[in-house]
Amino acid sequence: MSSPFAIESTDLSKRYGSEVAVERLDLAVRQGSVYGFLGPNGAGKTTTIRMLATLLRPSGGEAAIDGVPITDRDTVRERIGYLPETPPLYPELTGREQLQYVAGLRDLPDDEATRRIDDLLARFDLDEDADKRVSTYSKGMKQKAGIIQAILHRPRVVFLDEPTSGLDPRAARTVREVISDLAAEETTVFLSTHILPVVDELADTVGVLFNGDLVAEGPPQKLKQRAETGDERSLEDVFLEVTQEADLPEQAAHTESR
Ligand SMILES: Nc1ncnc2c1ncn2[C@@H]1O[C@H](COP(=O)(O)OP(=O)(O)OP(=O)(O)O)[C@@H](O)[C@H]1O
Ligand SMILES: [Mg+2]
């Protein structure tokens with residue numbers, strides 16, 4: 001608990017057969033900060049998040065969440081919330097029942113659960129559909145329910161894998177506001193996304209993963225500043241530059257970070 005880092009990893013790796021999905025990843029995410037995890041399709045973002053959320057066993061290395069090693073799955077799971085790429089929902093339940101079920105698993109007192117569920121349903125414009133079965137929900141409605149269940153129990157650390165995926169502009173804004181509020185309450189948010197303005201606005205630190213490797217890391221403002229000239233470029237420019245396949249073996253796309 002003495003560590004200022006809510007998420008720490010050392011040499012965290014995942015191999016699938018001979019394929020390396022995540023390569024010796026070192027992370028140190030400050031408590032209460034928002035970490036924007038970027039990278040092209042297939043870079044290893046979801047694999048990393050699944051290892052940190054204790055759902056996938058690493059091939060090597062170690063990690064700790066809120067000071068607890070990920071090998072202590074039960075304790076880590078108590079402290080985290082997780083939105084996967086496809087939210088796990090029971091189609092036969094209504095949205096409200098689904099959230100009540102999750103609140104029960106998380107041992108939230110009934111009255112607090114009711115208050116928080118009502119509040120979040122309203123916040124995500126899902127209150128009118130709360131008593132319909134999840135099987136009738138649109139993609140975005142399922143995503144909203146998934147986000148609510150990830151943060152319902154006020155976890156210390158929240159992993160959001162592409163939270164704005166499938167959301168309309170209003171809901172996407174709500175997600176951004178919710179992430180801001182979480183950080184203000186000292187919740188650590190680890191967020192993967194392809195929507196660069198989201199991390200530009202919210203992230204204290206951005207990490208760019210490329211072929212399983214962290215190729216750039218730092219505050220968005222710092223990454224956008226060109227070291228040589230001092231002028232500013234967009235985060236998209238940075239992303240494209242550091243995730244370019246090198247033509248020559250020597251031209252590795254690594255940039256110095258930190
Ligand atoms: N179960 C699996 N078996 C084999 N290879 C896998 C498996 N899961 C992921 N991979 C591989 O690991 C690599 C990283 O995948 P991952 O899903 O972590 O990428 P990602 O960064 O989340 O991409 P996206 O932006 O498309 O969500 C890819 O090359 C993928 O093919
Ligand atoms: Mg992914």
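## Ligand shell

The largest share of the shell around ligand 1, three residues, is supplied by helix α1, where helices (H or I, at least four residues) and strands (E, at least two) are DSSP runs numbered from the N terminus. This is a predicted model, in which local features need pLDDT of at least 70 and side-chain atom pairs count only at pLDDT 80 or more, whereas totals for chains, interfaces and linings use all residues. Residues are numbered from 1 along each chain as its sequence is written, while chains are lettered from A and ligands numbered from 1 in the order in which they are written.

The residues that surround ligand 1 are Tyr16, Glu19, Ala21, Gly39, Asn41, Gly42, Ala43, Gly44, Lys45, Thr46 and Thr47, a residue being near a molecule or strand if its C-beta atom, placed from the backbone, lies within 6 Å of it. At least two residues of this shell come from each of β2 (19-30) and α1. Divided by class, the shell holds three nonpolar, six polar and two charged residues; here Ala, Val, Leu, Ile, Met, Phe, Trp, Tyr, Cys and Pro count as nonpolar, Asp, Glu, Lys and Arg as charged, and the others, Gly among them, as polar.

## The six-stranded sheet

Six strands form an open sheet in the order β6-β7-β8-β3-β9-β10, and the pairing is mixed; two strands pair if DSSP finds at least two bridges between them. The edges are taken by β6 (80-83) and β10 (213-218), each of which has a single partner strand, so one side of each is left without a neighbour in the sheet. On average, and with direction ignored, neighbouring strands of this sheet are turned by 15° against each other. Within the sheet, β3 (residues 34-38) and β9 (residues 205-210) run parallel and are joined by four bridges, and glycine 36 has valine 206 in β9 as its bridge partner.

Helix α1 (residues 45-52) lies across β3, β7 (157-161), β8 (188-192) and β9, and runs at about 150° to β7, with axes fitted as lines to C-alpha atoms, for helices over the stretch in contact, and angles running from 0 to 180 degrees between N-to-C directions. Helix α6 (residues 169-184) lies across β3, β7 and β8, and runs at about 145° to β8.

## The four-stranded sheet

A further open sheet has the order β2-β1-β4-β5, with antiparallel pairing. Strands β2 and β5 stand at its edges with a single partner strand each, so one side of each is left without a neighbour in the sheet.

Strand β1 (residues 5-16) runs antiparallel to β4 (residues 60-65), and five bridges join the two. Isoleucine 7 has isoleucine 65 in β4 as its bridge partner, and glutamate 8 stands opposite alanine 64 in β4. Strand β4 also pairs with β5 (residues 68-69) over two bridges in the antiparallel sense, with isoleucine 65 opposite valine 68 in β5. Two residues lie between β4 and β5 in the hairpin that they form, and aspartate 66 in the turn has a positive phi of about 55°.

## Helix packing

The axes of α3 (residues 95-105) and α5 (residues 139-151) come within 10 Å and cross at roughly 20°. These two helices are therefore roughly parallel to each other, a description applied to angles under 35 degrees, with over 145 counted as roughly antiparallel, 65 to 115 as roughly perpendicular and the rest as oblique. The contact is made by Gly95, Gln98, Leu99 and Val102 of α3 and Ala145, Ile148 and Gln149 of α5, and its residues divide into four nonpolar, three polar and no charged.

The axes of α5 and α6 come within 12 Å and cross at roughly 5°, and α5 and α6 are therefore roughly parallel to each other. In this contact, Gly140, Lys144, Ile147 and Ile151 of α5 meet Ala171, Val175, Val178 and Leu182 of α6, which by class gives six nonpolar residues, one polar and one charged.

Notes: Two residues are in contact if their C-beta atoms, placed from the backbone, lie within 7 Å.
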